[in-house]
Amino acid sequence: MSSTNGSRTIPQYDVVIIGAGLGGIGAGVALRGVGVENFLIIDKWGRVGGTWFANTYPGVAVDVPSPVYNFSFQQRSNWSRFFAPGHEIQRYAEEVVDRQGLRDKLRLGCGAVGAAFDEAADLWRIRTEHGDEITARFTIGAVGGLEVPQTPDIPGIDEYAGKIMHSARWDHSYDYRGQRVAVIGTGATALQVIPELAKSVAQLTVYQRRAIWIGPKLDFPMGPALNSVLNFPPLQKTVRFVGNVGVNAGLGAGLALSSYPRLTGAAIGIGEIALKGYLFSQVRDRELRRKLTPDYRLGCKRPSVSNVYFKTFTRSHVELDTTPIARFTSTGIVTADGAEREFDMVLCATGFRVMEKGATPAYPIYGRGGIELGEFWDTNRYQAYQGVSVPGFPNAFLVIGPYAYAPGSYIPLIESTSAHAARVIAETRRRGATRVEVRQVPHDRYFARMDERAKRTHLFTQGCVTSNTYYINYQGDGAAFRPSTQLEMYWENRHFPLNDYSYSTTRPRAATQDDALATTS
């Protein structure tokens, strides 16, 4: 609901943040930093944490060192391990909410199912799963990229009578101990959950389409002594800075060196030799090693780390099957060679739908002129200025939009894009305006720059297109990542020209020369 004052409609909130994961929490802190207090954070889940609340499969853990995986404004040193388990990250989210005073800004168990911009009143009308409406002058979409589970499209899957679940929706009421279990997928989630399942199931069969590049995991218990040392603020900040630089270099080196293809190729080649050496140290069986060796270049997909994944496949009750799955039966799975196996449980560790129509955004969003964001992206390709703003969608911002994420820890991304959104909202309020929208020309300039850079990276030049990487979407674009360093991401989101946006009041916005010159990419 909203109230009316003369010819103006006054929204309930200045800002509604959709999503109470680390992205939504970071956005709330950023708003507080620019003096905005009348905001609400909504989320479909009953607790904060987003991905870290939803994903509770056995073995779930962060794949970025714990001392790095925290906000700059609230660093945490009390971790059980160097790579913390998922429940500790969710607990950290709760701690940030409490220390930053955001608890009374939350409305949990209240998911958004749609949003539409009211052009007459310059506000957003957000429909919730309960059938009510929330109005806000601005919205910040903080629904993470790993939100909509990817269910495998395999014939007969609905006929399977055993237990089937997706790793992102773990059913803790089911006891898999002593059962015959199948896992479909060998990505980042699978390499965490497979060793855990192997500890207690009777038989484990893993169906692999493509192997994953894996390095050793330098994990260890943190302990009271080390946590106390890291609790010293100057050291804590130094460790976080150096760690972020290292993670960014490790995950984004190919992107940063994209202008030097020979150097990129050499660096990737050296990395592949090292990781193949690690595989050899773990698995001596030549045929098994062949199956576990990726058939695509290092960097096409996000590499991961594990000390136990490879060795799991050397256990007598664990089998790695690389034959394509043909279909499900009521009792199990049939592969393309005609072999049929029966299972009590099938786990789909098949990831998420990223930058796909119907998944990004996860619900319909209608902007100026009634254009729907998912339809716009499907027609015009995924794009957003600095990964934050899209022309035609006034007063709306994204925390994780197209071309937002420079590979590394997600925390610097959240702080960067949240600062961007807060800066624009603060400037709009300072000017006394009720509508703000990114101008077409700077938006298109950014999109063209990112697209041109992305197409020069190893993802497009060294055979990654056929690797089924989520970094390249169904349109053939690298919209899921920003081909830059995190330093550039940090700087540009805080120092972009404020006049890259247009500001107006509730009266209809007149066409500008900027709009007339623009063309839709």
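A crossing of two helices is left-handed if the near helix is turned anticlockwise from the far one by less than a right angle, and right-handed if clockwise. By this rule, the crossing of α1 and α11 is right-handed. The model is predicted, so local features need pLDDT of at least 70 and side-chain atom pairs count only at pLDDT 80 or more, while totals for chains, interfaces and linings use all residues. Residues are numbered from 1 along each chain as its sequence is written, and side-chain values use heavy atoms, without hydrogens and water.

Helix α1 spans residues 22–33 and helix α11 residues 410–430. Helices (H or I, at least four residues) and strands (E, at least two) are DSSP runs, numbered from the N terminus. The axes of α1 and α11 lie 8 Å apart, at an angle of about 40 degrees. Axes are lines fitted to C-alpha atoms, for helices over the stretch in contact, and angles run from 0 to 180 degrees between N-to-C directions. The angle makes α1 oblique to α11. Angles under 35 degrees count as roughly parallel, over 145 as roughly antiparallel, 65 to 115 as roughly perpendicular and the rest as oblique.

On α1, the contact (heavy atoms within 4.5 Å) is made by Leu22, Gly23, Gly26, Ala27, Ala30 and Leu31. On α11, Ile411, Ile414, Ser418, Ala419, Ala422 and Ile425 take part. Nine of the contact residues are nonpolar, three are polar and none is charged. Ala, Val, Leu, Ile, Met, Phe, Trp, Tyr, Cys and Pro count as nonpolar, Asp, Glu, Lys and Arg as charged, and the others, Gly among them, as polar.

An open sheet of three strands has the order β15-β16-β17, with antiparallel pairing. Two strands pair if DSSP finds at least two bridges between them. β15 (325–328) and β17 (340–342) are the edge strands, each pairing on one side only. Neighbouring strands are turned by 25 degrees against each other on average, direction ignored. β15 and β16 form a hairpin with three residues between them. Three bridges connect this pair, and Ile325 has Thr335 in β16 as its bridge partner. Strand β16 (residues 332–335) is also joined to β17 by three bridges. Here Ile333 stands opposite Arg341.

The whole structure holds 25 aromatic pairs. In one of them, the rings of Trp79 and Tyr92 have centres 5.9 Å apart and planes at 55 degrees, so the pair is tilted. Rings of Phe, Tyr and Trp (its six-membered ring) pair if their centres lie within 6.5 Å; planes under 30 degrees apart count as stacked, over 60 as edge-to-face and the rest as tilted. Trp79 sits in the loop between α2 (51–54) and α3 (86–99), and Tyr92 in helix α3, 13 residues apart.
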